[in-house]
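Please read these notes with the model open beside you. They go through a few local features one by one.

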Amino acid sequence: MTKEFFISREKGGERAVLVQMRVYQSEHHDHFEDALTEFEELAVSAGAKIVEVIAGKLPTAHPKYFVGEGKAQEIADAVKTHHADVVIFNHALSPGQARNCEELFGCRVHDRAELILDIFSQRARTFEGKLQVELAQLEHISTRLVRGWTHLERQKGGIGLRGPGETQLETDRRLVAGRIKSIKKRLEKVEKQREQSRRAREKSEMPIISIVGYTNAGKSTLFNQLTDATVYVADRLFATLDTTCRNIHLAKLGDVAIADTVGFIRQLPHELIAAFKATLEETRFADLLLHVVDSHADNTTQMIVDVNNILNDIGANDMPQLTVMNKIDLNPDFKARIDYDAKKMPKRVWISSEKNIGIDLLKQAIVELLTKRMVRCTVTLQPDQGKLRAKCYALGVVKSESVDEIGQWLLDLEIQQLDFERLFRTQV
């Protein structure tokens with residue numbers, strides 16, 4: 001029943017005309033060529049056969065076609081010349097703009113969000129992943145149902161349907177709303193199960209590491225190298241959607257949980273961020289984020305910014321982070337190494353996950369960060385805990401001290417995580 005609401009996709013080989021404009025008001029106009037290359041990769045990942053790419057400049061989005069009328073006619077001519085099946089814009093289109101373009105071009109029109117949603121629908125493998133993608137699609141399409149019907153003025157009738165009447169559009173909106181509600185309930189159950197698993201890991205005091213990064217940066221390949229797992233890997237965008245978690249053993253740390261996550265991309269549709277909220281929130285509860293970066297890419301700096309923007313959106317921007325510069329085997333000038341910050345803490349590691357270069361250095365950096373990670377907190381000690389108070393002063397971790405009205409010590413501490421656990425696990 002729900003498949004009719006999905007973004008329609010033919011069985012491969014769709015002839016596509018791609019459209020990307022340099023919009024002066026856009027914050028991404030300085031990275032036009034990089035964005036265009038990524039756009040083409042997205043289209044190919046979705047199964048499109050690119051027959052023409054139309055680019056141009058635009059002072060601001062046109063209210064009718066997004067592009068100006070002259071450019072819109074140029075696109076329509078390209079569709080006719082190449083017998084294109086679909087036109088894809090690397091921009092966000094309003095429902096009205098998409099409808100007007102479809103009427104002029106005589107074929108289906110999708111925007112960037114719909115393209116990414118379509119790729120996600122092809123990649124989802126687990127039950128949870130499929131539910132998340134369907135939710136994102138339905139929430140996106142619910143605002144655009146008017147595009148799918150040309151008979152909205154008609155009232156439904158017939159046996160069992162006579163009476164006050166209901167337009168086809170109203171029926172569809174009701175069905176979609178019902179399906180969205182149903183999926184959200186099922187995802188809530190999955191989220192509760194995920195939360196129980198997370199609490200179990202926290203009770204075991206096992207450090208949690210989450211791998212994040214731009215799509216196709218090599219996250220799953222690194223995950224497989226670290227854990228000896230067999231997560232699906234491919235040289236294409238969004239090869240992995242489903243979060244996988246495995247345990248590994250590291251010297252001085254013991255068992256550590258590592259989670260592989262969905263890849264990020266600039267202008268990730270907000271419907272996807274909302275739908276994958278439970279999955280993405282795994283990063284918020286991690287002790288360390290491994291931010292995997294494709295060191296061979298032309299726009300590495302922008303990719304890092306885009307990933308950090310999404311981390312900010314999901315409230316994980318303040319998490320401890322180790323940058324992993326991957327794919328150094330593609331550049332002879334890059335060597336495996338650890339870069340340290342002014343506090344002599346690892347901030348960047350250079351590796352090749354595919355060639356297994358620098359993995360030992362990465363493990364070393366992880367151990368250093370997790371064993372030396374500082375915790376700022378306030379602890380309350382009873383009057384008979386003078387020995388514990390003395391140990392805190394001996395370590396030099398006491399920033400300030402006060403005494404409350406009943407004689408308890410209130411210590412403001414800045415202390416290494418492992419020292420804190422060693423001193424206070426059984427004391428407070």
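**Notes on a predicted model**

1. The model discussed here is predicted. R389 touches L381, E401, W409 and L411, leaving aside residues up to four places away in sequence. R389 itself sits in helix α12, which covers residues 386–395.

2. Take one of those partners, W409. R389 and W409 are 20 residues apart along the sequence, and their C-alpha atoms are 8.4 Å apart in space.

3. Is R389 buried, exposed or partly exposed? Its relative accessibility is 24%, so R389 counts as partly exposed. The cut-off for buried is under 20%, and for exposed over 50%.

4. Helix α2 covers residues 69–82 and has 14 residues. At 1.5 Å a residue, this helix should span 20 Å, and its end C-alpha atoms are 20 Å apart, so the two values agree.

5. Which residues of α2 are buried? They are A72, I75, A76, A78 and V79. Seen down the axis of α2, these buried residues fall within an arc of 160 degrees, so they line one face of the helix.

6. On the face turned away from the buried side, α2 carries the exposed residues G70, K80 and T81. Just after α2 comes H83, with a positive phi of about 55 degrees.

7. The next point concerns a pair of helices. Two packed helices are described by the angle between their axes and the distance between the axes. The axes of α7 (residues 219–227) and α11 (residues 359–372) come within 11 Å and cross at roughly 80 degrees. The two helices are therefore roughly perpendicular to each other.

8. Which residues make the contact between α7 and α11? From α7 come L222, Q225 and L226, and they meet I359, L362 and K363 in α11. The residues of this contact divide into four nonpolar, one polar and one charged.

9. Last, the chain as a whole. The secondary structure comes to 13 helices and 14 strands. The chain has 428 residues, and buried residues make up 51% of them. Among contacts between residues at least 6 apart in sequence, 69% join residues at least 24 apart.

Terms used
Residues are numbered from 1 along each chain as its sequence is written. This is a predicted model: local features need pLDDT of at least 70, side-chain atom pairs count only at pLDDT 80 or more; totals for chains, interfaces and linings use all residues. Side-chain values use heavy atoms; hydrogens and water are left out. Helices (H or I, at least four residues) and strands (E, at least two) are DSSP runs, numbered from the N terminus. Buried means under 20% relative accessible area, exposed over 50%, partly exposed in between (1.4 Å probe, protein chains only). Contact means heavy atoms within 4.5 Å. The expected span of a helix is 1.5 Å times one less than its number of residues. The arc is that of the directions from the helix axis to the C-beta atoms. Axes are lines fitted to C-alpha atoms, for helices over the stretch in contact, and angles run from 0 to 180 degrees between N-to-C directions. Angles under 35 degrees count as roughly parallel, over 145 as roughly antiparallel, 65 to 115 as roughly perpendicular and the rest as oblique. Ala, Val, Leu, Ile, Met, Phe, Trp, Tyr, Cys and Pro count as nonpolar, Asp, Glu, Lys and Arg as charged, and the others, Gly among them, as polar.
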